[in-house]
Amino acid sequence: MSSRMSRRSLLASASGLALAAGPLATVTRAAAKTPKVLVIGLDGTLLNRVKDADAPNLDALMAAGLTAPSSIYANPFAPTLSGPGWSTLITGVWPDKHNVKDNNFTGQKFAQYPDFLTRIETAEPSLSTYAVSSWAPLTDTAFSSKVDTRVSTPSAEYDTGTTSRAVAQLRNANPDAVFVQLDNVDHAGHSYGAASQQYLDAVHGVDTQVGQMVAAVRARATYASEDWLIMITADHGHTDAGGHGGSSWPERQTFMIATGATLTAGSVRHDVKMPDIAASALAHLGIAIDPAWGLDGRPVQQPAPDDFDALRPQLATRVDETGIGATVIGFTHTPPSGWSVDDSAMGTGGVTEWRGWSFTTDEFWTKAQADQNREGNVRARNVFAVADGDEWEDKAFSGSFDSALVSPPYPVTAGAPATLTYTTYYRQEAPQKGEVLVSYDGAAPVTVKTYTADTSSRVEKVTLQVPSGARTARVRFRYTGGNNWYWVIDGVSIEPA
């Protein structure tokens, strides 16, 4: 049993205290609602085709809440298959942690990175968890036996059986967290392609089933006293011709459609990533996310935009790049307020988009050149900074790539340690080098970290020893090289250690 009092017990205790405390406390008690979560996964569903289809229920959910398109990885990080995709969604970590790279869940690390329903059961065993799936490996393997109920729908019943079971559970039982997986859109994609009418028809079919589940939630006798977070998502996309597993942009697509009390109706965000589904479910149920869990997801209810994200309205279309569509918005050289780029030693010419540090998006950057591992930049969000010598030298140039991204001054405490945090992704080829330098109160910059070897997508934390008397610290990310590879920086901050 959990050593903590359950969420339901806490609410009951609060109710008793409120009744004893008088009218004002009674108002507070009445406002408290029981949190519940419903996650519906639509296998192989493309958000842009949802918008093309007759999908009134999904359209209504988008109008009532958040729509967040996002992209995933590709090989060699992981293929765009269901095993890695669903594992990422339900564990809240990327494939380099849960280690699922195929549909057999070979090498999985679910004991270290369990599904979100298992984390709920571990933290609050009194809560009721339920998972039902048309794709049996999910409920047979990915969700653990700690989940109260796991149902692998008989294949003869397929999504119809999955839906009827979910509806009955939502309407007649008292679940706290429910996961549902529907498979038919993926089936249509494989059989007919994502550009087909049959694919649109399959989207219409699952839309009807989503509507039945949402109606079951709203028909609950206790619905008025409940706080439901409903999230709709997908494990991967599909090509127009049909199929997935590769690195094309359509195959790398996923999304979150979410409704809940803290989410703005009709809103669209670009900072949401695949692992956020699990983190958002845990946060909604009041389960504290332990940093020791190593989750990559962050709760969608707690947005944390960084300075680079503010640049999205300024992003422009291509100039020299030919592999990027003419209408794709995605780069600027103008840094956000307080930041600067020092190109005083930068060579001339080259591809305009990548001359010195650029600010870009996953879509724009990966479309510049596919299958050179750029798709592995999974932990950067929304707009991020890139120094890409490889792409810069694809047009006539002189000199070498030498550019420094310079942060605003961050306040620090003199003589006390501080932590420099940033998200990075670095691919090496000599004589390339990445240097992180810190300057205190405008003094000469001092190197605190150097990159001369491949570094996978990660969040770096560098301990700084702040000199006596120093009041501010400014960070420089200097990339030097030629026709080599690239360096990504995002989410920069300096905080007390």
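**Notebook: pockets**

I looked up the pockets first, and the largest pocket has a volume of about 940 Å³. I am working from a predicted model, in which local features need pLDDT of at least 70 and side-chain atom pairs count only at pLDDT 80 or more, while totals for chains, interfaces and linings use all residues. Residues are numbered from 1 along each chain as its sequence is written, and side-chain values use heavy atoms, with hydrogens and water left out.

For my own reference, a pocket is an open set of points on a 1 Å grid over the protein atoms alone, where a 1.4 Å probe fits and protein lies on both sides within 12 Å along at least five of seven lines; lining residues have an atom within 4 Å of a point. Grid points are joined across faces, edges and corners, and the volume is the space filled by probe spheres set on them.

I then asked which residues lie closest to the centre of the largest pocket. The strands (DSSP runs of E, at least two residues, numbered from the N terminus) β17 (417–427), β20 (455–465) and β22 (486–496) each supply at least two lining residues, and β22 has the largest share, with four.

Next I turned to the second largest pocket, whose volume is about 370 Å³. It is lined by 18 residues, and Pro69, Trp249, His270, Arg312 and Glu363 are the closest to its centre. I noted that β2 (66–71) gives the most to this second lining, with three residues.
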